[in-house]
Amino acid sequence: MANRIITVLGTSPYLVVNYDNYKNCRYIQEAIVRKRWDEGIDIDEVIVIGTSKSKEYHWKKLTKNEHDTKADNINNCSLKEKLNELSNEKNFKFNFIEISEGFTENEVWETFQKIDQEIDENDNIYLDITHGFRYMPILFIGLLNYLKVVKNVKLEKIEYGMFEKLGYANQVMELELEDRNAEIMELTYFDKLIELSYGMDTFLATGNPTRLTKELDGKMTELQKKYKGKNKHVTSVRGIIKNIDEFHKDTTLCRGESVNEDVQKILAKLDNLKKEENKEIELKVVEKLIEKIDILFCNFSDDEFSNLKELLNYYYEKEMVQQGFTLLNEMIVSFIIKKYESYVNNLNEKKIVDRRNRVSKIMGLAVANEKNIEQSDVVLFDKLVQEKELLEISRNIGQHRNDINHFGMRDNSMNSKDLIRKYREMKDKFIEICS
């Protein structure tokens, strides 16, 4: 793992300016290195990306320079010489990677590969996009998001030196050195926006919110500190993040009562967010993501049985078929208890678990059309025998769920596509029956 600065060297005649508090810098790279040091970060390597022309003009020797009379003989050295000077203060490596001008798709891919080869597993990357061809920022964003996955790199910062704020070069040369003040703008948040988008896409497609909640929680923690925990909007968003994570765990592990509690918490916080005024500009983007979450949960309510029916659909949309079959089986029992409440009460089972087990047993006998039953179960048994469509669903649930639980290592096991189709048909039929 190493801390690497990746930066681009162009062909313009660079003028001496002040980047933030770093005085008389001809090259933004000097300011970037010193800024890292001031943050307490030791740099292992500076990787400079440039063409043969930028190498000729600015790398080994400074050969392209404007006649800047107010900066004569100030920092009048090449970038290589400047980095060498800096490395004598605090030892680090620096390297120039020569690339083509990128006028074809193949040349862009070659640049992609050259940079890729310089990055190791688990590196921390500090990216400077001030100079170079205009396609370079897009290339870097694509490359580094790729490297996050294949090499587990961390993009610590994206920075841009705002030289153009001072005006054109001829205007800047008219300014005294103390007036040539340019900011180093941090653009890292826009990479976080990409991560948020990926996270939301994954959550909506699969139900897994891990990536989304990680990015949102990090941002909300920053805003909590900023507002000292007193911003209700931030608190509500952070609460939703926590509840969504709990909802995912509970739906994955089939925690029925907990799922309904999670839903109620999410709905309450969504309702609060609609009533609260958001004054934080950074939350405007998050608001759009919250709207997606609101749509996802819009069919849930305060009725537990209705929520479980909605969860049957949710399991299908996320292809969580094993959990879906488990819930469907339990919902049939709940439906019977609700529909035949008076008959179930006559069974004299006081505990909920005993009542459900007793009903499941009677339903199993009805599925098998077993005649040898206890006298106390006869009335409910006779009612259930008439529920032919319900019994057909119950009969098939065990078969399909066992197929999954035994990893398909059974005779006549079904393929994934057919299992999903069967689940859809069975849950649709059940919802129709109990509507």
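**Rings, cores and enclosed space**

Reader: What makes F94 partly exposed?

Author: F94 has a relative accessible area of 23%, and since buried means under 20% and exposed over 50%, with partly exposed in between (1.4 Å probe, protein chains only), F94 is partly exposed. This is a predicted model, in which local features need pLDDT of at least 70 and side-chain atom pairs count only at pLDDT 80 or more, whereas totals for chains, interfaces and linings use all residues. Residues are numbered from 1 along each chain as its sequence is written, and side-chain values use heavy atoms, with hydrogens and water left out.

Reader: Why is the pair of W59 and F94 called edge-to-face?

Author: Rings of Phe, Tyr and Trp (its six-membered ring) pair if their centres lie within 6.5 Å, and planes under 30 degrees apart count as stacked, over 60 as edge-to-face and the rest as tilted. The structure holds 15 aromatic pairs; in this one the centres are 6.3 Å apart and the planes stand at 70 degrees, so the pair is edge-to-face. W59 belongs to helix α2 (residues 52-59) and F94 to strand β5 (residues 93-98), so the pair ties together parts 35 residues apart in sequence; helices (H or I, at least four residues) and strands (E, at least two) are DSSP runs numbered from the N terminus.

Reader: How do you know that the rings of F325 and Y423 are edge-to-face?

Author: Their centres lie 5.3 Å apart and their planes make 80 degrees, so this pair is edge-to-face. It links distant parts of the chain, with F325 in helix α13 and Y423 in helix α18 (residues 416-433), 98 residues apart. F325 has 0% relative accessibility and counts as buried, and Y423 is buried with a relative accessible area of 0%.

Reader: Which residues of the largest nonpolar core touch the most other members?

Author: A nonpolar core is a set of buried Ala, Val, Leu, Ile, Met, Phe, Trp, Tyr and Cys residues joined through side-chain atoms within 4.5 Å. The largest has 66 residues, of which I293, F297, I336, L380 and F430 touch the most other members, and α13 gives the most to this core, with 10 residues. Leaving aside neighbours within four places in sequence, L380 is in contact (heavy atoms within 4.5 Å) with residues including I336, Y340, V359 and I362. Apart from this core lies another, of 30 residues, among them I28, V33, F96 and A182.

Reader: What lines the largest cavity?

Author: On a 1 Å grid over the protein atoms alone, a cavity is a set of points where a 1.4 Å probe fits but cannot get out, while a pocket is an open set with protein on both sides within 12 Å along at least five of seven lines; lining residues have an atom within 4 Å of a point. A search of the whole structure finds 1 cavity of 30 Å³ or more, with about 40 Å³ of space, and L212, T213, L216, I240, I241, I244, I290 and I293 line the largest cavity.

Reader: Where does the largest share of the lining of the largest pocket come from?

Author: The largest share, 8 residues, comes from α13, and the lining has 22 residues, of which E257, E304, L308, S334 and R356 lie nearest the centre of the pocket. About 660 Å³ of space lies in the largest pocket.

Key: Points joined across faces, edges and corners; volume = space filled by probe spheres on them.
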